[in-house]
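Look at the two chains below before reading on. This report goes from surface totals to helices and then to one residue.

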Amino acid sequence: MGIELKEYDLPDIEIFHNTIKDYKFHIWHPDKIYLILGQSNKMETSLFLDKVELDEITVLKRPSGGETVILTPNTLVISAVFVNPEVKRPHQYFARFNDFIIKGLLISGIENVNHKGISDLAIGEKKILGSSIYHKKDKIFYHAVLNVAESIEVIEKYIQHPKREPDYRKGREHGEFVTSIVQHYPDKSMNEITDGLIKSLKEFVN
Amino acid sequence: MRYIFNFPDIGEGLDEGTIVEWYVAKGQQIKSGDSLVKMETDKVVADIPSPKSGTITAIYGKVGETIHVGNALVEIEIEGVSGAAAVEEAKVTEAVKEEGAGVVGTLEIAGNNAYMPASDEGTSETKEESQKSTKKVLATPVARAMAKELGVNIDLVKGTGPAARVMKEDILLYLQKNTVTSSKSNTVVSDEERVELKPLSQLRRTIARNMIQSKHNAAHMTVFDEVEVSELVRVREKYKSKFLEKQVKLSYLPFVLKATALALKKFKALNAQMDLDNNQMIYKNYYNIGIAVDTEDGLIVPVIKDVDKLSIFQIAQKINEISEKTRKREITMEDMKDGTFTITSFGSIGGQFAVPVINYPQAAILGIGRILKKPVVKDDAVVPGTIMPLSLSVDHRIVDGGETARFVNQIMEYLSDPVSLIMD
């Protein structure tokens, strides 16, 4: 039957298409599993297609760069749009925005989160958040996925080792490279983490 | 004047990007700020706007191609500017490059060497400066790769392509002119039929990454030795048919695995890993041995877990299962996880000794060469013997020479007296 690759149409894309303020942010956790390809990713080299097809997983291609990610009900998707950005360099947006995510996690009692690679957040050497950017003329669309409680087996099941990787990954397989917040903070809930992030990002907006 | 717009640094400090989509075509009228192309770097996709209004006269690169920062993206014909005015225009353009319309970071705008006036008037100064320029010469990716491969300084090659871009043919012509009398010249003349381009498979990329990681991070040291295994040959012959009755093939490998696992229990450093980030050694009290398997697609290393707790029959069963899974291409990530030591049995294909590359971050890898009949000395008499060659590579950061030699001795002791494998 084959797998259909669709354009990214998840809720956060709305803030990209309908910007009426200088910038907006959007946080949500998906209702089911989605696999999201980066702009130049190909399904056959990014995914284990047999498993994806068997489990009827939806595959989408997002407008921003980077490697393939998985969205599940145990992840949080954090997106933001900046219109007429004053700062021109994307890495400064990664740094600024990810700083506010670190602050939001601190509000929820999650410590020891640090910047890694170009645009990741990690606990120790293990990744908990990846982000990417689409810069279109007058606006920047930032898009991040935070692994709150998803098991690494789910990632390993569907996603191949990426063709490009940050230096700090050092060739590690998903199981040795990725972690989730609940592995380190088992008592934290999705709602608690979301509340902390919203508080921090409101401060960023204001 | 004709203006060359180069691929700018879009802000990650990376030196290349991939073309995702072209928004313009040759002959199209554009305004300053119009998007020209969608480019992707590691984490960013960015629409690159034009810094000039005019007509597109050339676009460089196809969708999917990688372009280096500073290489030409498009040529724009700016109407009504020529000669001395064009030179002034170029100067003005350079002066305001930090304010390019919405482009992220600094625009790489045509320098003197890339500026192409509509006529030859007033260009002598420009040409002189061009010769002094240290900017990278324009070249197609194929030509650049070919020059690198053949050791040609591309800056010395005269380009015949658009905007004096160096083409593949220019490299070949340069070689013909400059290497005619060289004995190497016969080997470097190239045509398309003599090379085949094939995309790297995921497995080949993984192998490449792991090998480089090992060679970069581990301090490789290899020791070689030979063990006389006549008794092992006799034992194997005796039990081969009995195992076959239970549909299990018995090779020498189960004995080597068992001997290795038992030796690892005595020499823990060989089963360890160095954790520099936390300034500690990790000694593993489990003995999961990976077996390097040669497949059509490339090398894979499935792992047999807790080898020290398995009998020779159980190990042989596991090896048979791995062979079957490999044949059916059913080996999974789970089958290849958590190895603590690796064995590569290249002797079944050929060769006696090798310098195996450590399966990083493991501490060591043991290579088994082809088993041969050789004269050996026993009780002061030269008699026919059966020799198994061993090659052990260790990470010298983790293991010292003495311990390495003692570990090999222990394995040899087990293999020369296979009954000891069940006595320990």
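Chain A exposes about 9100 Å², and carbon and sulfur atoms supply 50% of it. Accessible areas come from the Shrake-Rupley method with a 1.4 Å probe; for residues, only the protein chains shown count as cover. The model is predicted: local features need pLDDT of at least 70, side-chain atom pairs count only at pLDDT 80 or more, and totals for chains, interfaces and linings use all residues. Residues are numbered from 1 along each chain as its sequence is written, chains are lettered from A and ligands numbered from 1 in the order in which they are written, and side-chain values use heavy atoms, leaving out hydrogens and water.

The table sets out totals for each chain. Buried means under 20% relative accessible area (exposed is over 50%, partly exposed in between; 1.4 Å probe, protein chains only). Helices (H or I, at least four residues) and strands (E, at least two) are DSSP runs, numbered from the N terminus.

Chain B has an accessible surface of about 22100 Å², with 51% belonging to carbon and sulfur atoms.

Now take one helix of chain A. H4(A) covers residues 90-107, 18 residues in total. From first C-alpha to last it reaches 26 Å, close to the 26 Å expected at 1.5 Å a residue. That expected span is 1.5 Å times one less than the number of residues. Its buried residues include Tyr93(A), Phe94(A), Phe97(A), Ile101(A) and Leu105(A). An α-helix has 3.6 residues a turn, so residues three or four places apart point the same way. Just after H4(A), Gly109(A) takes a positive phi of about 85°.

In chain B, two helices meet. Leu253(B), Pro254(B), Phe255(B), Leu257(B) and Lys258(B) in H8(B) touch Ile312(B), Ile315(B), Ala316(B) and Ile319(B) in H9(B). Contact means heavy atoms within 4.5 Å. These residues divide into 8 nonpolar, no polar and 1 charged. Here Ala, Val, Leu, Ile, Met, Phe, Trp, Tyr, Cys and Pro count as nonpolar, Asp, Glu, Lys and Arg as charged, and the others, Gly among them, as polar.

Is Thr344(B) buried or exposed? Thr344(B) counts as buried because its relative accessibility is 16%. Thr344(B) lies in strand E15 (residues 341-344) of chain B. Beyond neighbours within four places in sequence, its contacts include Ala292(B), Pro356(B) and Ile365(B).
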